[in-house]
Amino acid sequence: MHAYPTFPLHKLRAGLQPHNNPVSMSVFRSGLLVLTSPLSALSLRLVPILASAARLVQDTLYIHLQPGLSLTGSTQPRSTYVPATSEVYTLISKLYANADIHRHLNVRVLLTNILNQGAAPPALGSVQNLSQPPEVVLTDFETRDGGQSNPVKQRLERYATSCYSCRPNLISVLLYPEYELEVSDEELSAQHETNATEEPLQSYSDVVVGGTFDRLHNGHKILLSVSCMLAENRLVVGVSDRDLLETKMLKELILPFEQRVAQLSEFLVDIKPSLRYEISPLFDYFGPSITDSKLKCIIVSEETLKGGLAVNRRRVENGLPELAVHIIKLALDPLHGRNEEEKISSSSLRYRLLGTLLHPPHKDPGVPCHPYVIGLTGGSGSGKSSIAQHLVRLGAFHLDMDSLGHNIYHPGGPVYAQVVEAFGTDILKEDGTINRQILGAKVFRDQEQLTRLNNIMWPVMARIAKEKIDEAAAQGNAVCVLDAAMLLEAGWADLVHEVWTVIIPEDEALRRIVARDRLSEESARLRLQSQMSNSQRVKQSHVVLSTLWEPAVTCELVEKAWALLQKRLKEE
């Protein structure tokens, strides 16, 4: 514990304006927010309280509900149980929904002291370990001295450390009057009347819930928190994988199963360590929900209710009792943009990743610093060429490897003789030029033949590409785009600083190839199958783009990626 020096919150107020970047104003990586206001009043204060906390904490914010807690007086306050009522359930849902505007915050409402109706109360007093021990403890507790009361801060620190594992030299901050809100008695009375009832929530020994749980967001956290509140002993969690991911938007950006499970496990153990958790992959829409005889309740959202009813039909067919179906409302995303869902969703989070740097590039001393080379790649029909045109418009030098490849096997070119010798004179037109369609038909159906052609073409193309990049540097170009469908397959990633990949769903790529090249669907599918998959490309990429939407959206995404690139280059 460390009560001194006091944290000068008032000195930050000049920099706490809405237009400032919240992350840049944050001081602590992790924090614990102890909420002491009555539930009816707290509902009105959540927005300003969260805004104040978001200015101080840049990552994980744990929230501990202890309405009525007093931090004054001669005795040290102790944690007490809060009944799991509909009012608490509604408040927790509202907390997560309101926190979503603070996108840098990883909010976790702790349920250790929230006691459901059927659970035996465990002994309070033991210290709960948290995965991200707080560096600061905050509270909404009201004091008369404008948040500068050292005795109150000392009690707050002792209270926090008696409940949870915290960092050494814990700092305390009294948020009041930073969040002070003028609320009349009439407004408080009206809020109390509109709040959910204080009736206890029905609880169940064993509960099941399912989902993709990609990039765990506040919508997931509401679903999981309700599941934990209703579960007395065990929570079974099914995590979608394999075929269940195929129809997801931007499925290539979904985190690997193991990573999703790790994030899920950490969250669940943090918020309610007393439960037994069973997390398993879902390869169909049912999983253990239709075979586990001990399950009593399934948690669904408004949009997955049909799935919950289907589970019960299958349980009846299997001779098992139906599950109680608990429905939660979808949490709306107040900041959703174009092509994003109105609800808080993983699809929107993946969409926001487009154009951003997914991971920092490795600095290869063998690649000259100037110009900065972007390797742009994508499968047939991906729209890679339109992305390249946008980048050229923004000021990039364009090196089209596909055109370069076509040029080098013209008569007299550096690989013309080798290609004719390897594949026969039947690939030639009457004028002696190579018929690309005939050559393509030969190689796309035979992997050995394709490899043979590539071994002739790729080394020569790499040598010419290096010469072109040197020319771009001599001309003073700051950024060069090496535009190559086979960038990764050919090993040309060694020539670039960053790999940018353009992706679209396979069915859309097929439609475009058939329309553009007048190929049969079978021929178009063979062409795609001969190339690296989107998922394989994304794993090796630093930036991902997509042309799935209207051209104006593609333009916005490219401009976003270019602006972020310029920022990175300035920081080097």
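In this predicted model, R158 has its place in helix α5, which spans residues 150-163. With a relative accessible area of 35%, R158 is partly exposed, because that value falls between the 20% limit for buried residues and the 50% limit for exposed ones. Twelve residues along the chain from R158 comes L170, and the C-alpha atoms of the two are separated by 9.7 Å.

H220 belongs to helix α7, made up of residues 218-230. Its relative accessible area is 11%, and H220 is therefore buried, the limit for that class being under 20%. Which residues are in contact with H220, once its neighbours within four places in sequence are left aside? They are F213, D214, R215 and S346.

Stepping back to the whole chain, the model holds 19 helices and 17 strands. The chain has 572 residues, and 52% of them count as buried. Its accessible surface comes to about 26900 Å², and carbon and sulfur atoms account for 52% of that area. Contacts across the sequence are well represented: among those between residues at least 6 apart in sequence, 79% join residues at least 24 apart.

The partner here is strand β2, residues 57-65, which pairs with β4 in the parallel sense over five bridges. Within this pairing, I63 stands opposite V109 of β4.

Another group of strands forms an open sheet of five, in the order β10-β9-β8-β11-β12, with parallel pairing. Which strands stand at the edges of this sheet? They are β10, residues 276-282, and β12; each has a single partner strand, so one side of each is left without a neighbour in the sheet. From one strand to the next, the twist averages 25°. Helix α9 packs on the sheet and touches both β11 and β12, its direction making about 155° with that of β11.

Strand β11 runs over residues 297-301 and strand β12 over residues 324-328, and the two pair in the parallel sense over five bridges. V300 stands opposite I327 of β12 in this arrangement. Together with helix α9, residues 305-317, the two strands make a right-handed β-α-β unit.

A disulfide is a covalent bond between the sulfur atoms of two cysteines. How many disulfides does a search of the whole structure find? The search finds zero. C297 has a relative accessibility of 0% and so counts as buried. C480 is likewise at 0% relative accessibility and counts as buried.

Some backbone details complete the picture. Most residues other than glycine have a negative phi, and most peptide bonds are trans.

Are R242 and L250 buried or exposed? R242 counts as exposed, because its relative accessibility is 58% and the exposed class begins over 50%. L250, in contrast, has a relative accessible area of 8% and is therefore buried.

The peptide bonds also include a cis case: the bond from H370 to P371 has an omega near -5°. P371 is placed in the loop between α10, residues 346-353, and β13, residues 372-378.

Terms used
Residues are numbered from 1 along each chain as its sequence is written. This is a predicted model: local features need pLDDT of at least 70, side-chain atom pairs count only at pLDDT 80 or more; totals for chains, interfaces and linings use all residues. Side-chain values use heavy atoms; hydrogens and water are left out. Helices (H or I, at least four residues) and strands (E, at least two) are DSSP runs, numbered from the N terminus. Buried means under 20% relative accessible area, exposed over 50%, partly exposed in between (1.4 Å probe, protein chains only). Contact means heavy atoms within 4.5 Å. Two strands pair if DSSP finds at least two bridges between them. A crossover is right-handed if, with the strands pointing away from the viewer, the path from the first strand over the helix to the second runs clockwise. A disulfide is a pair of cysteine sulfur atoms within 2.5 Å. Accessible areas come from the Shrake-Rupley method with a 1.4 Å probe; for residues, only the protein chains shown count as cover. Axes are lines fitted to C-alpha atoms, for helices over the stretch in contact, and angles run from 0 to 180 degrees between N-to-C directions.
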